[in-house]
Amino acid sequence: EFYLNKMNIQNIIVTGGLGFIGSNLIELLLHKNFKVINIDKVSYSSNFYNTRDYLKNKNYKFIKCNLNNKKKLKQIIFKNKPIGIFNLAAETHVDRSIDEPESFIYSNILGVFNLLEIFKKYSKLNKKSRLIHVSTDEVYGDVLKGRSHENFPHKPSSPYAASKAASDSLVYSYVRTYKTPAIVTNCSNNYGPKQHPEKLIPKLIYNILNNKSLPIYGNGKNSREWIHVSDHCEALLKVFQKGKIGEFYNIGSNKNLDNLEISHILIKVAKKIINIGSNVKIKFIKDRPGHDVRYALDSNKILKKLKWKAKIDFNKGLEKTFLWYLQNNNYYKSILKNDIIKRIGKLND
């Protein structure tokens, strides 16, 4: 197996590359002249529309594979000999995790375990390779005051967040026990083009474009830290190139907004660009169970150690995002209508 040592310096594997962040990351990596192998199991949140711009790019390859298909995953990694793997394959919708937690355990914990088992062997042969495991600020749970730094205790509130916290711990344990070259990143809420409309911002944009009311949970005061997906992808590349093995890095913008503020800004943005319909009004709906009030990250570490910080102004980023959905109406058509409109994550009383 000596030939395995010849790692391909340009090859990068992105798991979950048909999803929102994954497809944006692939775009950046191709732009930086990497060769990208996109592994995706093709679930409801995967979308071939997201990668249509680089289908003819000779540096891009798509392989359908579930992280739980250990045999196939091993073949892909050992054959392509990547310098790096970005793991973005995950079930991510909190509401779905309330309805059906099982798929989150399979994808986010068992899938990561399989990847780690394979990467543990692969990285022994190719010592310069590294795994970047992409996670979320939701592992820290409710942060009512201040901001959560990397050593903050994990207190996940939803099955989704718990599955991500478990996978973060698994990755760290492989670094400690097997010296597996891996890094964990925890990012705040992303927004931008190619995001599935089960998430807040693209759902609100869809409703504005279709003259529907804007559903807001509870009293609309749930606060999130928002970062543009391009900023997140730049940070991931920086962590891959300069980050230290075994470290955790928070990736955030330091910009918190509650859901009500988001809706008001979006309506303002929309009015500048289109004539909005008479049904576009905020409508409060029953809150989801276990809904965290506030997430907020302390991203000082990545600023100090890796000299990275978010650049995109939220209002400008939101305007560009709105325009992308307006100009890519076929994106919504590529998704089952039920997946856009249906309310999930509501426990029966």
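Modeller: Three strands form an open sheet in the order β7-β9-β11, with mixed pairing. This is a predicted model. β7 (189-191) and β11 (256-258) are the edges; each has a single partner strand, so one side of each has no neighbour in the sheet. On average, neighbouring strands here are turned by 50 degrees against each other, direction ignored.

Take the β7 side of the sheet. β7 and β9 (residues 223-228) run parallel and are joined by 3 bridges. Within this part, Asn190 stands opposite Ile227 in β9.

A helix covers these strands. α7 lies across β7 and β9, and runs at about 70 degrees to β9. α7 (residues 229-242) also meets α1 (residues 20-31): their axes come within 9 Å and cross at roughly 60 degrees. That crossing is right-handed. From α1, the residues in contact are Phe20, Ile21, Asn24, Leu25, Leu28 and Leu29. From α7, they are Val229, His232, Cys233, Glu234, Leu236 and Leu237. By class, the contact holds 9 nonpolar, 2 polar and 1 charged residues.

Now the other sheet. It is open, has 7 strands and runs β3-β2-β1-β4-β5-β6-β10, with parallel pairing. β3 (60-64) and β10 (248-251) are its edge strands, and each pairs on one side only. The twist from one strand to the next averages 20 degrees.

Cys187 stands opposite Ile251 in β10. α1 packs on this sheet and touches β1 (8-15), β2 (35-40), β3 and β4 (82-87). The direction of α1 makes about 165 degrees with that of β1. So α1 has two sets of contacts: it touches strands of this sheet, and it meets α7, because contact means heavy atoms within 4.5 Å.

Ser129 lies between α4 (102-125) and β5 (130-136). Its relative accessibility is 1%, so Ser129 counts as buried. The cut-off for that label is under 20%. The side chain of Ser129 reaches the backbone oxygen of Asn126 at 2.8 Å. Leaving out residues up to four places away in sequence, Ser129 touches Met7, Pro82, Ile83, Phe119, Tyr122, Ser123 and Pro181.

Key
Residues numbered from 1 in each chain as written. Predicted model: local features only at pLDDT ≥ 70, side-chain atom pairs only at ≥ 80, totals over all residues. Heavy atoms only, no water. Axes fitted to C-alpha atoms, helices over the stretch in contact; angles between N-to-C directions. Helix = DSSP H or I, 4+ residues; strand = E, 2+ residues; numbered from the N terminus. Left-handed = near helix turned anticlockwise from the far one by under 90°. Nonpolar A, V, L, I, M, F, W, Y, C, P; charged D, E, K, R; others polar. Buried < 20%, exposed > 50% of the residue type's maximum accessible area, 1.4 Å probe, protein only. Polar contact = N/O pair within 3.5 Å; in protein donor to acceptor, adjacent residues only side chain to side chain. Pairing = 2+ DSSP bridges.
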